[in-house]
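Hello,

Here is the structure we spoke about handing over. Please have a look, then read the notes below.

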Amino acid sequence: MKFDIDILSEPRNDWIFDEAKQLLQLPFNDLLFLAHSITRKNFISNSIQMSTLLSIKTGACPEDCSYCPQSIRFNTEIEKHELLDLENVKTEANKAKSSGATRFCLGAAYRGPKDKDLEKIIEMIKYVKSINLECCATLGLLKPHQAKMLAEAGLDYYNHNVDTSKDNYQNIISTRTYDDRIDTLQEVRKSGMKVCCGGIIGMGESEDDRIQMLVELSQMERHPESVPINNLVAVKGTPFEKLHGASELDFIKMIAVTRIILPRSYVRLSAGRNKLSEAEQAMCLFAGANSIFYGEKLLTTDNPEEDKDLALLNKLGITIEAPNPNQKHIPL
Ligand code: SAM
Ligand code: DTB
Ligand code: SF4
């Protein structure tokens, strides 16, 4: 089948599984050429969006996500802590800004936040915005009034991943359903915040599950503005400790297919970057990734050091992109 770059550069809601699956069957170079061409049509070349994560509440989560070191059900070696004080968050946000990040992401190990926690988190969001950083939060399931509270506080993005295909969801998590996730995503969309939604590969899912997850994301009325693609970080003590994540080639191919199916979304090369060589990361960036998590820690696990990332971007001639709400890539 011949794929047309001009047609594929426009966001579509009518992807079907069989068509999407053909992308993964293309010769590697054809797939990367197509994905890269679409990136060039929709984004400024050689530029990257950089988000820094801070875990504002770590561990003791009641959920049983099999990949996650923060579930209370698994015996992992993480430093748990309750919700951080505002002062700590201010310090970390300022550090992220002076290191070059343009977005600061607050992550919390909740099934969903209590309103009392949300009041404190809203103070954090207001501070992050006051120093001219974009702000994202990932706090689990939201009730409709909570999504409104966050939007009113000025939160730019809400991260809530579907993580895998609808069919595979119950093999990974038993304490909530895929549809619970979709309900929150709909509330986020209704509230006017931007949606950050992606998934994890390398959890033993099939290639079909990976494709199906992307088709499901593409069928959302508006595509998520930001799509993190994580490779499993297999953490000791979790049910997935013995898995190895996806191969480097499969990770690169997943980035490329994501770029093609969600042509105007920022695709973030997320967890698992630490295991990639410079050349493998460069291939992910060629394949359409135009965003990274920047900073030595993700939530509880390691990420490349900032100096190394800046040196790599410099070698590749890639510069950090300033946020511009009017850019044409915002998916419609
Ligand atoms: N509790 C909230 C939730 O589940 O949405 C927010 C935090 S949760 C840690 C955010 C995301 O981190 C998950 O949806 C998953 O995609 C990613 N994640 C967690 N553990 C991971 C791991 N070991 N490897 C790769 N990604 C992981
Ligand atoms: C996302 O998709 N990946 C980030 C962020 N959203 C919150 C988290 C990755 C976590 C990796 C495991 C850890 O550090 O605990
Ligand atoms: Fe809790 Fe989120 Fe980890 Fe699941 S992924 S155990 S909800 S912190």
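**Ligand 1**

An oxygen atom of ligand 1 sits 2.9 Å from a side-chain N or O atom of Asn161. Backbone atoms make contacts as well. A nitrogen atom of ligand 1 is 2.9 Å from a backbone N or O atom of Val233. A polar backbone atom of Ala108 lies 3.3 Å from a nitrogen atom of ligand 1. On its own, ligand 1 exposes 550 Å², and the protein buries 91% of that.

Please keep in mind that this is a predicted model.

There are 15 residues around ligand 1. Those that come nearest are Tyr67, Asn161, Asp163, Arg181 and Val233. By class, this shell holds eight nonpolar, five polar and two charged residues. The space that ligand 1 takes is the largest cavity.

**Ligand 2**

Which side chains have a polar atom by an oxygen atom of ligand 2? Thr300 has an N or O atom 2.6 Å from one. For Thr301, the distance from a polar side-chain atom to an oxygen atom of ligand 2 is 2.8 Å. For Asn230, it is 2.9 Å. Taken alone, ligand 2 exposes 410 Å², of which the protein buries 86%.

The residues around ligand 2 include Leu53, Pro69, Phe293, Leu298 and Leu299. Asn161 is also one of them. The shell of ligand 2 has six nonpolar and six polar residues, but no charged ones. The space taken by ligand 2 is likewise the largest cavity.

Best wishes

Definitions and conventions. Residues numbered from 1 in each chain as written. Chains lettered and ligands numbered in written order. Predicted model: local features only at pLDDT ≥ 70, side-chain atom pairs only at ≥ 80, totals over all residues. Heavy atoms only, no water. Near = heavy atom within 4 Å. Polar contact = N/O pair within 3.5 Å; in protein donor to acceptor, adjacent residues only side chain to side chain. Areas by Shrake-Rupley, 256 points an atom, 1.4 Å probe, with all protein chains shown as cover. 1 Å grid on protein atoms, 1.4 Å probe; cavity = no way out; pocket = protein on both sides within 12 Å on 5 of 7 lines; lining within 4 Å. Sits in = over half its atoms within 2 Å of the grid points. Nonpolar A, V, L, I, M, F, W, Y, C, P; charged D, E, K, R; others polar.
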